[in-house]
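Me: Let's go through this structure together, one residue at a time. Can you start with the ground rules?

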Amino acid sequence: MDKIRKVKGTQDILPGESEKWLYLEGKVRAVMQAYGYREIRTPVFESTALFSRGIGQLTDIVTKEMYTFEDRGGKSNTLKPEGTAPVIRAYLENGMANLRPVQKLYYISPMFRQENPQAGRFRQFHQFGAELIGVPGPLADVETILLALDIYKSVGLSSFKVKLNSVGDQNCRAKYKQVLSSFLEPKLAALCKSCQTRFASNPMRILDCKKPPCQSAVEGAPKMIDYLDEASATHFKEVCDLLDLHEISYELDSNLVRGLDYYTRTAYEIISDDLGSQNALCGGGRYDLLAEELGGRTTPSVGFAAGIERLLMVLASQDLLQDLASRNDVFIVALGEEAVRHGQRLSRSLRQVGLKVDLDFLGRSLKAQLKEANRTQTKYVIIIGESELEKRVAILRNLNDSEQREVAFDVLVDTCTSIFQD
Ligand code: HAM
């Protein structure tokens with residue numbers, strides 16, 4: 001029979017790798033908490049309408065990339081392609097505005113997009129993200145940028161670039177779209193097929209198409225920041241001033257548009273030169289109209305999401321993920337039936353005092369059991385054979401320096417506890 005294989009674009013995270021995920025998730029949680037963000041967990045699937053309305057009917061995600069299925073009752077559901085729309089849905093549905101005027105929420109979650117898999121681009125991938133809900137002013141925008149940067153710093157990453165733009169709001173964007181369309185119209189035939197379609201639906205998306213003909217077509221295009229109304233222009237200037245205050249360097253990028261339609265005003269990305277063409281580590285911005293789009297009250301909000309796989313790739317390329325494998329403290333080598341029974345009881349006592357303990361299941365020889373202990377980089381072995389049983393002692397061997405001594409059964413747990421306390 002054919003072997004069943006994992007679905008294209010998904011990954012198994014095996015032991016050896018999973019320690020890296022745990023380490024990273026721990027760092028993310030610690031920095032999120034330091035900034036006062038609390039974890040929210042939303043379902044893995046939602047009503048399809050949440051995403052088509054939230055992200056935008058004409059976006060690539062909604063038109064081409066969603067995993068959508070009908071349930072047995074004929075309702076259309078979708079595996080979440082991103083976390084912001086679900087967080088705002090949960091915020092509205094659970095009346096979270098009444099609990100605190102400002103909500104600071106974070107998540108670590110798998111996301112699903114049917115994209116063409118390549119390095120750094122998967123169909124099931126994972127994001128950590130933060131949403132700061134209920135603050136209209138630029139302090140919030142900047143806090144989310146600082147938060148993302150401090151997470152990267154906490155794992156030792158220093159080589160990244162912050163790209164910043166303002167995509168305005170509905171007032172100024174309509175005017176800008178007209179100007180941009182007039183600029184692009186004569187070049188329409190040179191654009192890629194997707195951008196020819198985007199020209200009618202959302203010409204701003206053409207600005208960040210990575211295809212060379214589109215990139216040359218947008219050279220010299222009018223810039224959104226030159227068309228901001230006064231309120232959006234002031235907001236953008238204050239964001240820049242606050243970043244200066246925090247001594248964060250950033251690059252203004254008038255072609256940064258983002259692939260989701262809910263953004264208003266601030267849009268940003270953090271990119272790494274250590275990733276190939278999928279160089280965005282993190283993307284975010286302000287989305288003041290999303291709550292209304294989802295049937296709630298106007299709720300100014302800003303946030304970001306960051307790819308975990310991409311961050312792990314960068315950390316690995318910079319050797320920042322060394323020696324995270326979890327090692328056992330003790331391996332019990334028991335030889336003979338009676339010793340195995342003793343080893344069983346001992347293993348529980350040692351685990352109950354907090355030690356990481358493993359033992360043999362296969363009745364292997366002394367040599368094979370020691371080999372196993374070495375392979376798993378265990379720190380100590382406890383050897384119990386017939387003669388040890390008779391003397392009611394065990395041999396305690398340090399695998400680092402091969403020093404060993406006999407320890408009486410009654411003080412074995414205490415001896416091990418004090419060794420591992422130091
Ligand atoms: P996004 O730019 O679509 O934004 O995704 C954010 C990050 O997720 C990307 O910068 C990238 O690191 C990672 N990512 C996206 N797609 C993939 C993929 N197929 N494979 C691997 N990694 C991927 C959002 O999702 C917004 N919800 C961000 C946000 C939060 N805006 C406001 N709040």
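This is a predicted model: local features need pLDDT of at least 70, side-chain atom pairs count only at pLDDT 80 or more; totals for chains, interfaces and linings use all residues.

Me: Is Thr266 buried or exposed?

Reply: Buried means under 20% relative accessible area, exposed over 50%, and partly exposed in between (1.4 Å probe, protein chains only). Thr266 has a relative accessibility of 0%, so Thr266 counts as buried.

Me: Which side chain is joined to that of Thr266 by a polar contact of 2.6 Å?

Reply: Leaving aside neighbours within four places in sequence, Thr266 is in contact with several residues, including Leu164, His235 and Arg286. A polar contact is a pair of N or O atoms within 3.5 Å; within protein, one must be able to donate a hydrogen and the other to accept it, and residues adjacent in sequence count only if both atoms are side-chain atoms. The partner at 2.6 Å is Asp141.

Me: And which side chain makes a polar contact with that of Lys391?

Reply: Lys391 has a relative accessible area of 49%, so this residue is partly exposed. At 2.8 Å, the side-chain partner of Lys391 is Glu406.

Me: How far apart are the C-alpha atoms of Lys391 and Ile61?

Reply: Along the chain, these two sit 330 residues apart. Between the C-alpha atoms of Lys391 and Ile61, the separation is 70 Å.

How values were computed:
Residues are numbered from 1 along each chain as its sequence is written. Side-chain values use heavy atoms; hydrogens and water are left out. Contact means heavy atoms within 4.5 Å.
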